[in-house]
Amino acid sequence: MKSLRDYKEIENKMALNELTIVEAREGLKEKRFSAVELARDCLGAIKKIDPRVKAYVTVDEERVLKESKAVEKKLSELPLGGVPIAVKDNFLTRGLRTTASSWVLENYLPVYDATVISKLKEAGAIILGKTNMDAWAHGSSTETSQFFPTHNPWDLERLPGGSSGGSAAAIAADLTIGAIGSETAGSIRQPASWCGVVGLKPSYGVVSRYGVIAMASSLDSPGPMTKTVEDSRLLFEILRGRDSHDATSVDFRPLPQKPFRQVRIGVAPQYFPAEMDEEVKTMVKEAINLFTGQGLATKEVRLIDPQFAIADYTVLQRAEVSSNLARYDGIRYGRDRSFFGEEAKRRIMLGTYTLSAGYYDAYYLRAEKVRALLCHDFEKVFQEIDVIMAPTTPSTALKLGATKGHPMFGEVQDMLVEASSIAGLPGINLNCGFTKKGLPVGLQIIGPRFSELLLLGMAQMYEKATDWQKRKPSLN
Amino acid sequence: MQKLSEKEVRHIAKLAQLPLSDEEVRTFAEQLSETLDYIERLKELKTEAVQPTYQTTGLKNVFREDEIGPCLSQEEALQNSEETYKGYFKVKAVLGPLNP
């Protein structure tokens, strides 16, 4: 947490883009600065630094300033009044170009807002810009964006992770106050891990998918990416809830709370695979020790080998992708199918194959059964423990170009998050330190469905006891 | 090692309405085979007695009242199309003359 003196320093430097959502709201309500000034600082930072980070695909300065001005009078009543939020470019924003970082939708102008966007706007937030992603969310690097790769603010020669890489990078580099991403399997948690920011993947169904360019309909989960856990909680509260436009959405019914000291932590050796980075292993174990140091009990648990989750996810996701991308026929919107990139084509092809006559049983049906197995596996384990703690990713941020020639790159990078996504569970990533090379390491906490408040509470406990978030990448 | 033939790849591409070059057909035959190999390991898990599931919410039969609510105007719906005609989307002809 910043002290009042740090805070004054930030305001004097006119670097309001460095504020968190909570701090920005305080400042705005106390009229220490205006929404327009806050927006200007964010836009200024983008102008200065984004040419190197390339987190953004679209920023409409005029619109941002106009909306910021319009909200000034209503600042105090609105929970996010005047707060600039960066949004992953797979969320439809009415009148603001939305591309999914793809050539097919390069010139697409949505005629309606995603529910997530409507909720943000109702709360008074300013949509600062649309952030870069792997095209169609097909990736874990943001390198498969058909426009340009995003660079990790901690080392510009490295990837930010994906597919919500642009949002993660924007948060890490203070190019926004808050951000929105989406996760199908890893796309919030993994880039959050590589960029050292807080990424919450809610339980599937808790945040509406209406207006989110669909990847895998039974897995896609929109969620917040923020500088602090408090900010994450704030955004989660605004975004959650059943939506009549999304028949797969549910009301958030939080699990009954238990005192933190009684929370039982599960640690699975399967989630610390031999091939993973030693530094990451050590640092995540240290992070878990912080909790045991506070008196919490840990227990070793057995979970199905993540290798099976990789295979399962590969089938489920690609099958659903092949169905969801069938709508891009270039007739009602966008360019025709010849504009799909290699990765998209590959996924559509594999998905089509696994769903085709003669192969459906062997692949898709089998994958649905494995899905059930994974769900039961977690259910069983959550009878003995309340949360699972593990590394978010097997390594820290890899260099640009790392994905070339590896059709299964994303799936392997996401091996530690796929199972929980398949089971529709919530998970949060938080930064638990930096390697010798100065790269962030992510700790993830996974819980049963509807345990978001517990996850946020645990994360906040860790955040309070450490100060990793005070460290910033040196981009000036 | 199960290898997809180029014929199979072309068949899938047709099902998926994806225009592929000859080069792409060759590359995909190899890459897709690699991925299929990876998926083979799912066979190691015992799934005979397992009920498949395609969702995690447990929701069933989500309905709403058959009432008209706000929706896009015709103009908005046509806005992003390159080819329209008097309020319609223009598409390639599906039916042709009986004796072409």
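Ala311(A), Thr314(A) and Val315(A) of helix α10(A) meet Thr35(B), Tyr38(B) and Ile39(B) of helix α2(B), where two residues are taken to be in contact if their C-beta atoms, placed from the backbone, lie within 7 Å. By class, the residues of this contact comprise four nonpolar, two polar and no charged, with Ala, Val, Leu, Ile, Met, Phe, Trp, Tyr, Cys and Pro counted as nonpolar, Asp, Glu, Lys and Arg as charged, and the others, Gly among them, as polar. The structure is a predicted model, in which local features need pLDDT of at least 70 and side-chain atom pairs count only at pLDDT 80 or more, whereas totals for chains, interfaces and linings use all residues. Residues are numbered from 1 along each chain as its sequence is written, and chains are lettered from A and ligands numbered from 1 in the order in which they are written.

The axes of α10(A) and α2(B) are 9 Å apart and the two helices pack at an angle of about 125°; axes are lines fitted to C-alpha atoms, for helices over the stretch in contact, and angles run from 0 to 180 degrees between N-to-C directions. The two helices are therefore oblique to each other, on a scale in which angles under 35 degrees count as roughly parallel, over 145 as roughly antiparallel, 65 to 115 as roughly perpendicular and the rest as oblique. Helices (H or I, at least four residues) and strands (E, at least two) are DSSP runs, numbered from the N terminus.

For the contact between the chains as a whole, 36 residues come from chain B and 47 residues from chain A. On the side of chain B that touches chain A, α1 (6-15) and α2 (22-39) of chain B each supply at least two residues, and α2(B) gives the most, with seven residues.

The crossing is left-handed, meaning that the near helix is turned anticlockwise from the far one by less than a right angle, with clockwise giving a right-handed crossing. On the side of α10(A) the contact is made by Phe308(A), Ala309(A), Asp312(A), Val315(A), Leu316(A) and Ala319(A), and on the side of α12(A) by Tyr363(A), Tyr364(A), Ala367(A), Val370(A), Arg371(A) and Leu374(A). The residues of this contact divide into ten nonpolar, no polar and two charged.

Strands β2 (residues 84-88) and β4 (residues 178-183) of chain A run parallel and are joined by three bridges, Ile180(A) in β4(A) being the bridge partner of Val87(A).

Strand β10 (residues 427-434) of chain A is largely enclosed by the rest of the structure, because seven of its eight residues are buried; a residue is buried if 20 or more other C-beta atoms lie within 10 Å of its own, exposed if 12 or fewer, and partly exposed in between, with C-beta atoms placed from the backbone. β10(A) pairs with β5(A) in the antiparallel sense over three bridges, with Lys201(A) opposite Gly427(A), and in the antiparallel sense with β11 (residues 440-446) of chain A over six bridges. β10(A) and β11(A) form a hairpin with five residues between them, and Gly438(A) in the turn has a positive phi of about 80°.

The loop between β3 and α6 of chain A holds Thr142(A), a residue other than glycine with a positive phi near 70°, which is buried with 35 other C-beta atoms within 10 Å. Ser163(A) is found in the loop between β3 and α6 of chain A, and the peptide bond from Gly162(A) to Ser163(A) is cis, with omega near 10°. Lys31(A), in the loop between α2 and α3 (35-53) of chain A, has a positive phi of about 55° although it is not a glycine, and is exposed with 10 other C-beta atoms within 10 Å.

Terms used
Two strands pair if DSSP finds at least two bridges between them.
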